[in-house]
Amino acid sequence: MMITKRDGKSMAPMLLLESSQEMLAPWLKLSSTISSPINGLVPPFDAVHGKELWSFAKDNPRHSELINEAMACEARRVVPLVAGACHGLFDGVAMVVDVGGGTGDTMAILVKEFPWIKGINFDLPHVVEVVQVLDNVENVGGNMFDSIPACDAVFIKTSTGKERTLKEWDFVIKEAGFARYEVRDIDDVQWVIIAYPS
Ligand SMILES: C[S@@+](CC[C@H](N)C(=O)[O-])C[C@H]1O[C@@H](n2cnc3c(N)ncnc32)[C@H](O)[C@@H]1O
């Protein structure tokens with residue numbers, strides 16, 4: 001585990017989040033949640049806390065901060081790899097929105113790497129209200145299920161928290177109306193999927 005403070009890529013915030021009481025409680029109730037009459041229809045986190053993660057975070061600023069820091073530390077590690085695998089992809093792209101972008105660290109890395117981009121960090125209002133202002137990144141609050149800011153390209157990283165097989169992604173991408181897609185290896189746990197409208 002990378003918990004050193006050297007090079008700003010410590011994963012300690014991720015450990016602090018995952019070992020918090022709030023995140024451990026659903027694991028400790030896992031068997032009773034699964035065997036209850038709701039039969040796994042309600043995710044363990046929601047069953048234990050009475051609401052889903054993002055509503056819980058909105059009502060618990062300390063936990064929201066833990067989430068934001070955990071996501072940011074992972075972004076600082078992975079997004080440079082994503083940028084390295086995506087050279088050429090942003091040529092001619094003026095406006096990019098990171099949907100569910102959290103602290104904006106991801107967008108800050110992208111606009112530094114591709115300086116002609118105007119970057120918007122889009123997340124729930126309670127998140128963008130407290131994030132720091134980063135160079136060349138505009139923070140916009142809203143709900144992605146209502147609308148997102150107008151842009152030329154959308155960036156999404158870990159925003160559903162759900163792992164899918166490539167076959168499942170194939171279904172999701174086609175159902176969403178994209179014409180084609182490609183998958184790029186960034187030599188890490190994650191891969192990049194690039195979906196094109198035409
Ligand atoms: C798993 S985190 C990922 C954060 C960041 N993309 C990353 O990978 O480092 C999911 C993010 O989506 C945001 N989010 C959840 N529901 C949302 C919604 N309906 N509209 C906009 N953002 C949302 C959360 O606040 C959170 O910052």
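Tutor: Let us begin with a term that we shall need throughout: helices, of at least four residues, and strands, of at least two, are DSSP runs numbered from the N terminus. In this predicted model, Leu-30 lies in helix H3, which covers residues 30–35.

Student: Is Leu-30 buried, partly exposed or exposed?

Tutor: A residue is called buried if 20 or more other C-beta atoms lie within 10 Å of its own, and exposed if 12 or fewer do. Leu-30 has 14 other C-beta atoms within 10 Å and is therefore partly exposed. As for its place along the chain, Leu-30 and Ala-195 are 165 residues apart in sequence, and their C-alpha atoms are 36 Å apart in space.

Student: Which domains does the assignment give, and what distance separates their centres?

Tutor: The domain assignment of the protein gives domain 1 as 10–67 and domain 2 as 79–196. Taken over C-alpha atoms, the centres of domain 1 and domain 2 are separated by 25 Å.

Student: How should I read a sheet, and in which order do the four strands of the open sheet come?

Tutor: Strands of a sheet pair through backbone hydrogen bonds, and the pairing may be parallel or antiparallel. Here four strands form an open sheet in the order E3-E2-E1-E4, with parallel pairing. E3 and strand E4 (153–156) stand at the edges with a single partner strand each, so one side of each has no neighbour in the sheet. Neighbouring strands of this sheet are turned against each other by 25° on average, direction ignored.

Student: How many bridges join E2 to E3, and which helix lies across E2?

Tutor: Strand E2, residues 118–123, is joined to E3 by five bridges, and the two run parallel; within this pairing, Ile-120 has Glu-138 in E3 as its bridge partner. Helix H7 (residues 105–113) lies across strand E1 (95–99), E2, E3 and E4, and runs at about 170° to E2.

Student: What joins E5 to E6, and in which direction do they run, parallel or antiparallel?

Tutor: Six bridges join E5 to E6, and these strands run antiparallel, with Arg-180 standing opposite Tyr-196 in E6. E5 and E6 form a hairpin with five residues between them. E5 is hardly covered, since the count of buried residues among its six residues is zero.

Student: Where do residues other than glycine have a positive phi?

Tutor: One of them is Asn-136, whose phi is near 60°; its place is in the loop between helix H8 (125–128) and strand E3 (137–141). With 13 other C-beta atoms within 10 Å, Asn-136 is partly exposed. Another is Asp-187, which has a positive phi of about 60° and sits in the loop between strand E5 (180–185) and strand E6 (191–196). Because Asp-187 has 9 C-beta neighbours inside 10 Å, it counts as exposed.

Student: How many residues surround the ligand, and which are the closest?

Tutor: The ligand is surrounded by 18 residues, of which Met-71, Gly-100, Met-144, Lys-157 and Thr-158 are the closest. Helix H6 (residues 61–85) gives the most to this shell, with three residues.

Definitions and conventions
Residues are numbered from 1 along each chain as its sequence is written. This is a predicted model: local features need pLDDT of at least 70, side-chain atom pairs count only at pLDDT 80 or more; totals for chains, interfaces and linings use all residues. A residue is near a molecule or strand if its C-beta atom, placed from the backbone, lies within 6 Å of it. Domain bounds come from an automatic or database domain assignment. Two strands pair if DSSP finds at least two bridges between them. Axes are lines fitted to C-alpha atoms, for helices over the stretch in contact, and angles run from 0 to 180 degrees between N-to-C directions. Two residues are in contact if their C-beta atoms, placed from the backbone, lie within 7 Å.
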